[in-house]
Amino acid sequence: MNKKKLLAILLSGAMALSLAACGSDTSNDTTTDTSGDGAATAGNYTVGICQQMQHAALDEATQGFQDKLTELVTAAGGTVEFDPQNASGESSNAATIINGFVSSGVDLIMANGTTSLQAAQAGTTDIPILGTSITDYATALQMENWTGTSGTNISGTTDLAPLEDQAQMLLDLFPDAQNVGLLYCSAEPNSVYQVNIVREYLEGQGLTCTDYTFSDSNDLASVTQTACASSDVIYIPTDNTAASYASTIHNVVVPAGVPVITGDTGTCSGCGVAVLGIDYYELGQITGEMAYEILVEGADPATMEVRSAPTPTKMYNPSICEELGITPPEDYTALES
């Protein structure tokens, strides 16, 4: 072989290698942009959403999460696909949903509600998990010496409005009350946590507090009737079962003339007279921002502090206040129907 022919072969091979390198597929590259402008470049993501059950507050948190994460990822040049599923209040359903997410290899799991978060915790230690509408992470995750971060693949947002402020609001609105019924679902650990703190505060102010617990929606009406018979006012914490069946509670407490203070706006809309409430859509948006930080910017949920809800607002339910003949203070904001 002469020198000219050998040189041609070598040049042809070099060109082929160069073209192959230029044509390599980079469509699935989700790494952070290191071009020097400080902006992260988003990829394509799939996010599984496990919502504990359907009611207004959880629905708003899910919507806020999807809207904010979509906005941020799209602005960074990427796409996000959601797989929202509802556990209908059953822990077994939540476990099945989470296992499906793990099998399909989603990029992140959003667990909306305590039961969903507990199922996610049991289902994976690898996929990032963000909770929302969680009252107390230490209780939900059964972690002692809670410092604000989990040290695991879990972080998220809390919907807890200051419990002592909720109890004080009850005292301010009903200064003559002596007997307070604490109505909640015994199957929800975060409800137990809230009630324990509210009870301690109210009893410290000289009131008598009695627990009235229901196991599910089947005994809710009868337990509520029992609570009305012995209570001047009823307190319901942020409780997903109560929120889902607030109309059942309404149909008992209003005819009985017993006012209800609630821990969340969804329950208050259905059966309460007042609430120290938060905006659940905004809570979901905060969770969406955290998801963006994990998926696009590479944040580690193990070191991300749980973020709090926006500043709570004193709110009243106009229709139920009218039904019960209650005039709310001027500094309270009306709940939107």
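Visitor: In E7, which residue is the bridge partner of asparagine 179?

Guide: Please keep in mind throughout that this is a predicted model. Strand E6, which covers residues 179-185, pairs with E7 in the parallel sense over 7 bridges. Within E7, the residue that asparagine 179 has as its bridge partner is threonine 208.

Visitor: Which strands are the edge strands of the open sheet?

Guide: The open sheet has 7 strands with mixed pairing, and their order is E7-E6-E8-E9-E10-E12-E13. An edge strand pairs on one side only, and the strands that do so here are strand E7 (208-214) and strand E13 (333-334).

Visitor: Which side chain of opposite charge is nearest to aspartate 159, and how many Å away is it?

Guide: Aspartate 159 is buried yet has no salt bridge, and the nearest side chain of opposite charge is that of arginine 307, at a distance of 15 Å.

Visitor: With which residue does arginine 307 form a salt bridge?

Guide: Arginine 307 is partly exposed, with a relative accessible area of 27%. In its salt bridge the closest N and O atoms are 2.8 Å apart, and the partner is glutamate 293. This pair links distant parts of the chain, 14 residues apart, with arginine 307 in strand E11 (residues 307-308) and its partner in helix H12 (residues 280-295), namely glutamate 293.

Visitor: Which parts does the salt bridge of aspartate 211 and arginine 199 tie together?

Guide: The side chains of aspartate 211 and arginine 199 meet in a salt bridge, at 2.6 Å from N to O. Aspartate 211 is partly exposed at 29% relative accessible area, whereas arginine 199 is buried at 18%. The parts tied together are 12 residues apart in sequence, because arginine 199 lies in helix H7 (residues 189-204) and aspartate 211 in strand E7.

Visitor: By about how much of a helix are lysine 68 and glutamate 71 separated?

Guide: Lysine 68 and glutamate 71 form a salt bridge whose closest N and O atoms are 3.5 Å apart. Lysine 68 is buried, with a relative accessible area of 13%, while glutamate 71 is partly exposed at 45%. Because the two residues are 3 places apart in helix H2 (residues 56-75), their separation is about one helical turn.

Visitor: How many disulfides does the structure hold?

Guide: Cysteine 271 counts as buried at 2% relative accessibility, and its sulfur is 7.6 Å from the closest cysteine sulfur, that of cysteine 268, which is too far for a bond. Cysteine 321 also counts as buried, at 4% relative accessibility, and its sulfur is 7.7 Å from the closest cysteine sulfur, in cysteine 268, so that distance is too far for a bond as well. For the structure, the number of disulfides is 0.

Definitions and conventions:
Residues numbered from 1 in each chain as written. Predicted model: local features only at pLDDT ≥ 70, side-chain atom pairs only at ≥ 80, totals over all residues. Heavy atoms only, no water. Disulfide = S-S within 2.5 Å. Buried < 20%, exposed > 50% of the residue type's maximum accessible area, 1.4 Å probe, protein only. Lys, Arg positive; Asp, Glu negative; His and termini not counted. Salt bridge = Lys/Arg side-chain N within 4 Å of Asp/Glu carboxyl O. Pairing = 2+ DSSP bridges. Helix = DSSP H or I, 4+ residues; strand = E, 2+ residues; numbered from the N terminus.
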